[in-house]
Each structure stands twice: as structure tokens, then as C-alpha cells.
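Let's take a walk through a protein chain together. Keep the picture open and follow along as we stop at a few places.

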Amino acid sequence: MHREEKIWLTLSFGMIMIFMFITGYQAFAQGMAPPSNKEIIDPQKVDQQASFDKPGITKIGDKEYEVVMTLQVFSFNPGNIEVPAGSTVHFTLTSKDVVHGFEVAGTNLNAMVPPGHIQKITQKFDKAGTYLVLCNEYCGAGHQMMSTTITVK
Ligand code: CUA
């Protein structure tokens with residue numbers, strides 16, 4: 001092997017080790033891993049469990065809302081949510097059947113919603129408009145029809 005080849009191999013291996021160390025340090029020592037999948041739920045009994053027995057939108061403060069939502073083939077319940085501009089919305093999501101996705105186009109909201117887990121995610125909606133909500137995990141024959149909207153006004 002050429003000397004320069006050895007140098008490049010050593011450098012690139014060293015870089016991989018450094019990146020893996022940084023990522024591992026952030027995830028485990030600094031707790032920067034995604035904070036999802038911490039709460040579990042029986043997907044067969046979503047309807048009986050608070051607060052998923054009453055999915056909906058609740059005002060919990062000044063320009064602050066909580067949305068409890070179930071995802072199922074092929075819909076979001078509740079759908080077509082409306083909030084005033086400048087609202088902070090706390091989403092609590094779960095699936096009643098298979099893996100679904102919760103992506104809000106034009107925002108950073110993009111969550112996987114697997115059955116058996118409770119997904120919590122918060123977003124502030126500053127700009128008025130109609131935001132398209134899409135399921136971005138293939139969930140069956142009607143997957144491409146699984147969408148709703150969030151209207152901010
Ligand atoms: Cu639900 Cu794709």
C-alpha cells in the first residue's frame with residue numbers, strides 16, 4: 001500500500017471515530033436523542049384511554065392549544081383544525097392501527113406515529129394560512145388519501 005493511501009485511510013477512519021464519538025456524546029451524555037416513544041399505550045384500547053377517548057382541540061392558555069389526535073386508516077381525528085395566528089399547539093398523537101406519519105407542510109413538524117406509542121410534539125403557528133397535513137408513512141391502500149389541514153387565521 002502506498003504511504004499516501006495509508007495517510008488518507010487513517011485520516012478518514014479517525015474522522016468517522018470522531019463523528020461517532022460526538023454523536024454518541026450528544027445522544028447519551030447530553031440527552032439530545034429524539035424525545036419520542038417514551039409513553040406507551042395499548043393500540044386496541046385507544047378509545048377507552050384518557051385523553052384519547054375524547055380526541056379534539058382544547059384551549060389551555062393565551063394562544064395555547066392542546067390537540068389530542070388519533071390517526072387511523074386513513075384519517076386524522078380531529079381533522080381540519082383551526083387556531084388563531086401566533087398560537088402554540090401541543091400535539092398528542094397516537095395510532096389506532098398501523099404506523100402513520102404526521103407531517104405539516106411548510107413547518108418543521110414531521111413525526112412518525114407508530115401504534116402503541118404516544119407522540120408529543122409542539123409547534124408555534126405564526127403565519128396565517130392553510131397548512132396541509134400529510135401521512136408520510138405508507139399505511140395501506142388509502143395512504144395517498146390520508147390528509148387534513150390546519151387553518152391558522
Ligand atoms: Cu396513514 Cu399513510
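Predicted model: local features only at pLDDT ≥ 70, side-chain atom pairs only at ≥ 80, totals over all residues.

Residues are numbered from 1 along each chain as its sequence is written, and side-chain values use heavy atoms, with hydrogens and water left out.

Let's begin with the overall layout. The domain assignment, which is automatic or taken from a database, gives domain 1 (1-33) and domain 2 (39-152). Taken over C-alpha atoms, the centres of domain 1 and domain 2 are 38 Å apart.

Start with Phe 21, which you'll find in helix α1 (residues 3-29). Helices here are DSSP runs of H or I with at least four residues, strands are runs of E with at least two, and both are numbered from the N terminus. Is Phe 21 buried or exposed? Phe 21 counts as exposed because its relative accessible area is 59%; the cut-offs are under 20% for buried and over 50% for exposed, with partly exposed in between (1.4 Å probe, protein chains only).

Now hop over to Gly 101, which sits in strand β7 (residues 100-104). Its relative accessibility is 0%, so Gly 101 is buried. Who are its neighbours? Leaving out residues up to four places away in sequence, Gly 101 touches Leu 71, Phe 76, Ala 111, Leu 134, Cys 135, Asn 136 and Glu 137, where touching means heavy atoms within 4.5 Å. Gly 101 is also 41 residues from Gly 142 in sequence, and their C-alpha atoms are 13 Å apart in space.

Next comes His 143, in the loop between β10 (129-134) and β11 (147-152). His 143 has a relative accessible area of 16%, so this residue is buried. The contacts of His 143, again not counting residues up to four places away in sequence, are Phe 74, Cys 135, Asn 136, Glu 137 and Tyr 138.

Our last stop is Gln 123, in strand β9 (residues 117-125). Gln 123 is buried because its relative accessible area is 16%. Beyond residues up to four places away in sequence, Gln 123 touches Ser 87, Thr 88, Val 89, Phe 91, Thr 107, Asn 108 and Leu 109.
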